[in-house]
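Thank you for making the time this morning.

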Amino acid sequence: MKETQTIQNKAKTTETTERISGSEAVIKCLLAEGVDILYGYPGGAIMPVYDELYKYQDKIHHVLSRHEQGAAHAAQGYARISGKVGVAMATSGPGATNLITGIADAQIDSTPLVCITGQVGSHLLGSDAFQETDIVGISTPVTKWNIQVTKASQIPEAFAKAFYIAKSGRPGPVLIDITKDAQFEEFDFKYEKCKGVRSYNPVPETDENSLKAAAELINNAKKPLVVWGQGVILGKAEEEFKAVIEKAGLPSAWTILGASAIPTSHPLNVGMVGMHGNYAPNVLTNECDVLIAIGMRFDDRVTGNLETYAKQAKIVHFEIDPAEVDKNVQTDVAVLGDAKASLKSLLPLLNENSHNDWHQKFKDLYTIEFEKVIKNDLHPTKEGLTMGEVLNEINLQTKGEAAIVSDVGQHQMIACRYAEFNKTKSNITSGGLGTMGFALPAAIGAKMAAPDREVVMIAGDGGYQMNIQELGTIFQQKVPVKIVVLNNEFLGMVRQWQQLFFDKRYASTEMVNPDFVAIAKGYHIEAQKISNRKDLKAAVKEMIDCEGPYFLEVRVEKEDNVFPMIPTGASVSDIRLE
């Protein structure tokens with residue numbers, strides 16, 4: 001989309017025209033879009049907006065992060081659990097560039113964000129002024145849309161368009177860069193929400209013939225397999241999805257961002273696909289005769305070697321973004337459109353089925369995985385604690401009702417494999433970008449968006465320290481998030497690869513860590529450390545029972561590995577159990 005595109009079909013609000021500054025217009029635009037929480041960090045180029053925000057403290061709660069990356073990730077966590085648009089704000093130069101990692105993470109994981117940055121005065125643009133950075137140019141590859149505003153009168157239209165683009169169709173991040181003079185300038189303000197943008201079609205029309213062709217392949221399949229992704233959750237299509245797989249008796253596997261669309265215990269839920277996914281759905285991907293992909297994009301961590309991925313199968317792809325169709329895997333039938341509407345239309349076209357013999361193959365392979373991997377992860381006989389048994393204890397004490405916010409690494413794969421998800425929007429993690437440091441600020445945003453839900457953050461000792469300063473945000477805001485650090489004194493995932501593929505040359509992966517409990521207590525957060533199995537149950541109970549934030553460090557086995565594992569470049573059917 002280009003900035004020259006015009007906004008169509010605007011719906012007028014009750015806002016009357018009034019003469020105000022550009023900075024006050026920013027606040028009024030946010031209020032018109034229903035924003036009540038804003039994550040950010042002030043600075044010179046955005047100071048006029050913060051000055052106006054001071055007057056609206058009773059309407060918009062500003063959360064002062066300790067780093068702009070923390071603000072972006074907190075806005076992501078807020079958006080992921082609420083389904084609303086998250087908002088982050090920063091100043092120019094380093095403040096703006098510090099948002100980029102969070103923006104890039106939101107782009108690849110389809111998270112709706114509106115990021116606001118201040119900019120030097122328009123007369124200084126291009127002069128290398130103090131804290132001037134071309135944030136529009138920098139962010140263009142990692143935003144769904146962005147714009148630089150140099151006149152106050154451009155602000156209402158820019159914000160209306162930004163919120164519409166961020167949340168429509170396949171969601172994503174947008175960025176609005178506002179020069180300082182535009183923030184001071186006065187104009188006649190009136191806000192009209194955006195209802196459409198010329199040349200932008202966020203939800204393609206579903207072709208009836210494609211639906212019929214998809215239904216025919218599914219009805220005639222002997223060995224069907226569904227792989228679903230976050231598109232089911234983003235499309236609010238959980239009930240429609242459940243109805244489809246139950247009617248047709250379809251074994252269904254998930255990508256990490258698709259987890260929790262149906263409960264973990266659902267009989268048709270056969271586990272996670274991908275590099276550290278479950279044995280059965282990975283192996284049987286290369287035995288199914290029809291592969292039905294719903295709201296997923298065939299990421300390389302899911303497919304492994306594309307030359308050997310599901311070559312025997314007919315591919316049906318339900319997708320809202322036409323750019324994802326045939327990008328990595330050639331489809332036989334593509335059904336474009338909104339997942340909720342597409343699956344609702346598909347349901348009456350499907351025959352009732354059970355596929356009992358095919359389901360038995362998944363059960364048989366699960367038994368193999370349980371004996372070789374799962375049993376040892378969840379019920380170990382070794383002396384040291386495992387990451388899996390920690391997740392198992394959290395499951396037991398939260399009854400699978402908690403939202404799990406995981407960082408990136410071995411603990412992330414363990415959390416995705418073993419956490420029980422009984423509610424949708426319960427697995428919040430960095431998928432496509434794999435951003436270490438994501439979890440702590442994202443957990444803050446998630447808990448603030450869903451204060452009635454238990455939010456448990458799972459991190460390793462490496463990723464935790466990348467945004468450990470956000471403990472200050474937790475302390476100041478009194479966010480009762482539960483923080484679990486699984487400490488193996490290594491960058492565990494990298495160490496695992498070094499062990500398996502680099503002859504145990506542990507180059508720069510061993511961690512010398514600080515006293516995490518003392519740091520947490522320095523922020524007035526209750527904390528404890530355990531290293532013995534006999535203490536695990538009581539420690540998790542104390543954490544869950546605590547009314548405020550809580551930090552729990554669990555010392556786990558230093559050189560445990562996460563299996564199953566598909567080596568890089570290997571076929572999904574070459575998955576290793578040890």
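I will take a helix, then a set of strands, then the cavities.

Please keep in mind that this is a predicted model, in which local features need pLDDT of at least 70 and side-chain atom pairs count only at pLDDT 80 or more, while totals for chains, interfaces and linings use all residues. Residues are numbered from 1 along each chain as its sequence is written, and side-chain values use heavy atoms, with hydrogens and water left out.

Helix α17 covers residues 410–418, and nine of its nine residues are buried, so the rest of the structure largely encloses it. Buried here means under 20% relative accessible area with a 1.4 Å probe, protein chains only, and helices (H or I, at least four residues) and strands (E, at least two) are DSSP runs numbered from the N terminus. Among the buried residues of α17 are His411, Ile414 and Arg417.

Strand β17, residues 314–319, is mostly covered as well, with five of its six residues buried. Two strands pair if DSSP finds at least two bridges between them; β16 runs parallel to β17 and is joined to it by five bridges, and β17 pairs with β18, also in the parallel sense, over four. His317 in β17 stands opposite Ala293 and opposite Ala334 in β18.

Finally, which residues line the largest cavity? They are Asp377, Thr386, Met387, Gly388, Ile414, Asp560, Asn561 and Val562, where a cavity is a set of points on a 1 Å grid over the protein atoms alone at which a 1.4 Å probe fits but cannot get out, and lining residues have an atom within 4 Å of a point.

Conventions:
Buried < 20%, exposed > 50% of the residue type's maximum accessible area, 1.4 Å probe, protein only. 1 Å grid on protein atoms, 1.4 Å probe; cavity = no way out; pocket = protein on both sides within 12 Å on 5 of 7 lines; lining within 4 Å.
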